Amino acid sequence: MLQLFLCEPTGGGKNANNESYKRRISLLNELELVIWSLMSSQGRSEARLWLCNTLSGMRSISPRRQRDLFVSLLRSKPIKRHLASQLLQLIFDKQPQKIGSIIAKKSHKLENFFKGNPRRILEWFSSFAGSGVLDHGNGAKALSQFAFVNRDICWEELEWKGKHGQSPAMVATKPHYFLDLDVERTVENFLEYVPEFWSSSEFSESLKDGSILLVDTKYFVNLFTDLMYKDELEEVWEVIEEFLMEQSFSFLCRHLLIILEEQELHLVLDLLPKYLKLKSNSVGFGNSSEWLEIILSKYSGSSTRDELLLLNAVTNQRRQLLRLVREEGSVEEKEKIKNLVSQLCESASCANDFASIMEESLKKKSLEFIKCLGLQSWAIYFNLSEEFRTPESWESLLIGNGIKFRKCDKYALVHDDERLEESGSDYEGRSSLGVKRRKHKKHKKKRRRNLDHDADEDELIDYSLSSNKLDLNVKMVDWLLSTDGYSTTWSSVDLPEHLAKHCYITWLKWVFGKWEWCLDS
């Protein structure tokens, strides 16, 4: 029987030097090497992406601290222009008016932006209103307003497409005449002969909403990156800091951390402990990021970076790692992982070995032993995913490990809502939301069932690593478990993930509960 180690060991340090314990550590180390080999074959980029996803779930970083974290990263050496460019692009997309207000104050600098570039000129200045359109576009409006107000110095610079020009009085009564303006030649004249336009209030006002950024986003990203690093323009940094405080930490991680190279991500891991603010009254494990916060608050530095990547892969990205094994692993690697997992999950002396690992982790407070627990939990996940395919095998596993459960017949849940409601004592852990949702979809599912026929209803598509074949002969049963207070219905597909996670979190609670540092503020 597969042991999940859900009863806290009371001792075991005396076994830490025996051959069985050493063999288990050796097996875990071998499993780590094979996993690393697979992850490295992908350039480790996928492992970094997985870690970024986990980091994005952190909740103990305040807006001010997340601002300070990313500003420290932006100001670190060497200069990270690609990170600044990505951040500026986010600001352009979400809050263009903040950038527009800065451009408006320096409107004269856009002379060079338009000079010798007909595409930019036409895109910004040619949107004059025709019949049925209420107002000119930003650039066209600035050009027309300035021309009327300053007609004595610039009207003659307006170039018209017709045989003769238009007078100010005529255009004032018929604004659509501006559609006949030769915009490209007119703006070129303004660039050469009317320098006052480029610093005028009319042109400045047209830039404030930030829509000018759409004319050539790459140009403005480069411009503002230079303003950040070459000119050290404080106003740009203020906009950046304000943006970093307003956005969620999750959003910033998903859009900024994923573009970092590995060494840059290492810097983030080194900086993070300074900005984490763990609560002293409780240690939570509600999501996969909470235990990682505790790990980071204790461990940092070059010696732990690879361990964090691996630990995150085997504990927070179990399915993705198994997918990587199935899709990218060679026949030899798959067979080796299967053999290692089989040995790690065999029952003989298993409990004593695990007790020794726990004892050593409590004594040494080493990330190495936390990693061993993570590898053992992934071995359990792999074994559950590969070997447990029938309701009888799951039932035996749950009983053998002291997990209380209630089986939920899929056919009864779909066909007989009344029966579900009447059996309250058997299904008390199921949420009312799930019942209502099934009621709402009952008729639709009945129609689909008539098409699919009963023969297909009890089949579960499963995948075997060893055979690379789909198994269509597994009966579909759902489970309510005491591990989460019977609050969720678990299918056989989801059980390996849930049980492996439950094991790992249970072990961490034992360890962290006895490590005084994890409760420090």
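Figure 1. The view comes from a predicted model, in which local features need pLDDT of at least 70, side-chain atom pairs count only at pLDDT 80 or more, and totals for chains, interfaces and linings use all residues. Residues are numbered from 1 along each chain as its sequence is written, and side-chain values use heavy atoms, with hydrogens and water left out. L267 belongs to helix α16, residues 262-275; helices (H or I, at least four residues) and strands (E, at least two) are DSSP runs, numbered from the N terminus. Neighbours within four places in sequence aside, L267 has contacts with L73, S76 and K80, a contact being heavy atoms within 4.5 Å. S72 lies 195 residues from L267 in sequence, yet their C-alpha atoms are 10.0 Å apart in space.

**Figure 2. The two faces of helix α23.** The helix covers residues 391-400, and its buried residues are P391, S393, W394, L397 and L398. They lie on the same side of α23 because they cover an arc of only 165 degrees around the axis; the arc is that of the directions from the helix axis to the C-beta atoms. An α-helix has 3.6 residues a turn, so residues three or four places apart point the same way. E392 and I399 are exposed, on the face turned away from the buried side of α23. Just after α23 comes G402, with a positive phi of about 70 degrees.

**Figure 3. Aromatic rings around F125.** Rings of Phe, Tyr and Trp (its six-membered ring) pair if their centres lie within 6.5 Å; planes under 30 degrees apart count as stacked, over 60 as edge-to-face and the rest as tilted. By this rule there are 28 aromatic pairs. In one of them, F125 and F197 are tilted, with 6.1 Å between centres and 55 degrees between planes. F203 counts as buried because its relative accessibility is 0%. One aromatic cluster includes F125, F197 and F203, together with others such as W198 and Y219.

**Figure 4. Charged ends over aromatic rings.** A charge sits over a ring if NZ of Lys or CZ of Arg is within 6 Å of the ring centre and within 35 degrees of the ring normal. K94 places its charged end over the ring of F251, 4.9 Å from the centre.

**Figure 5. Two cysteines, C372 and C408.** C372 is buried, with 2% relative accessible area, and C408 is buried at 0% relative accessibility. The structure has zero disulfides, a disulfide being a pair of cysteine sulfur atoms within 2.5 Å.

Key: Buried < 20%, exposed > 50% of the residue type's maximum accessible area, 1.4 Å probe, protein only.
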